[in-house]
Amino acid sequence: MQITGQTKIVGIIGAPIEHSRSPQIHNAAIAALGLDYVYVPFHVQPDNLGAAIEGFKAANVVGINVTIPHKQNVITYLDEISREATLIGAVNTLIFKDGAISGENTDAPGFLQAMQEEGLDVPEGGTAVVIGAGGSARAIVVALALAGVQTICITNRTVSRAVALATDLSGKTGVSIYGIGLDDPKLSNAVGTSQLIVNTASTSMDVSYPLLIDPEWLEPQSIVYDIVYTPPETRLLRAAAEKGCHTIGGLGMLVHQGAIAFEKWTGVNPPVESMRQALQGAFDQK
């Protein structure tokens with residue numbers, strides 16, 4: 001890669017940022033297409049967020065990904081924000097164009113595109129269960145609501161968080177969304193009658209942690225989607241596969257949310273397979 005005065009800059013901000021795999025993904029795509037871009041990670045502390053945004057604008061940076069802890073606070077500095085990002089309440093992609101900064105959240109469309117890539121459809125008019133009530137769950141619920149899912153159950157260990165998230169997004173989207181606890185007796189029926197079950201809880205990474213739902217509740221016609229990507233096949237996915245369910249892991253969502261940002265910045269259809277191989281290679285080097 002040869003960097004010149006004409007090279008366009010994209011990148012990512014966060015604190016910490018050292019463990020981000022976005023540089024590998026995006027620079028692999030840039031190399032595959034032969035574009036005169038470079039993707040750079042920037043360690044930005046919360047107190048310096050505003051100065052960093054103004055600096056990027058002054059330096060004609062094209063686009064920036066946003067990760068923890070800036071996804072909510074960066075909204076203050078934007079001129080425009082997409083509907084998905086507004087509903088999610090968080091931004092993970094900035095686009096600098098014509099003196100203005102717009103904010104997007106590519107997690108929701110990335111989630112949906114990963115399903116489409118696997119030949120799986122969102123149950124439009126149907127029902128879904130989302131496990132967890134954090135930021136990722138919020139993005140997934142927004143994606144499902146905007147895609148036409150009729151009823152969404154949010155379940156979480158802390159019931160109040162599930163209920164608060166459900167109440168907020170139900171009011172904003174007009175979709176029937178309700179929250180219950182993981183120990184609620186109604187959960188078994190919700191899982192058994194839903195076409196899609198999505199796990200967003202990070203406990204799925206821990207092989208010693210008990211499953212949050214009983215696999216016996218699953219029906220073979222259901223899709224089970226775990227957005228956790230390490231390990232590639234979580235215990236939930238393995239149990240769901242044994243029940244005959246369609247399963248999908250989180251690696252595809254991670255790739256596609258990056259690919260969507262890449263296309264918004266460059267206007268070029270991204271080489272998804274190159275991005276996936278770079279991501280897999282980054283994990284293999286751990």
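Modeller: Helix α1 (residues 22-33) lies across β1 (8-14), β2 and β3 (63-66), at about 170 degrees to β2. Helices (H or I, at least four residues) and strands (E, at least two) are DSSP runs, numbered from the N terminus; contact means heavy atoms within 4.5 Å. Axes are lines fitted to C-alpha atoms, for helices over the stretch in contact, with angles from 0 to 180 degrees between N-to-C directions.

Colleague: How far can I rely on this?
Modeller: The model is predicted: local features need pLDDT of at least 70 and side-chain atom pairs pLDDT 80 or more, while totals for chains, interfaces and linings use all residues. Numbering starts from 1 along each chain as its sequence is written, and side-chain values use heavy atoms, leaving out hydrogens and water.

Colleague: Which strands does α9 lie across?
Modeller: Helix α9 (residues 251-266) lies across β1, β2, β3, β5 and β6, at about 5 degrees to β5.

Colleague: In what order do the strands form the sheet?
Modeller: The open sheet has six strands in the order β2-β1-β3-β5-β6-β4, with mixed pairing. Because β2 (37-43) and β4 (80-81) stand at the edges with a single partner strand each, one side of each has no neighbour in the sheet. Two strands pair if DSSP finds at least two bridges between them.

Colleague: How many bridges join β5 to β6?
Modeller: Five bridges join β5 (residues 93-97) to β6 (residues 100-104), and these strands run antiparallel. Leu94 stands opposite Gly103 in β6.
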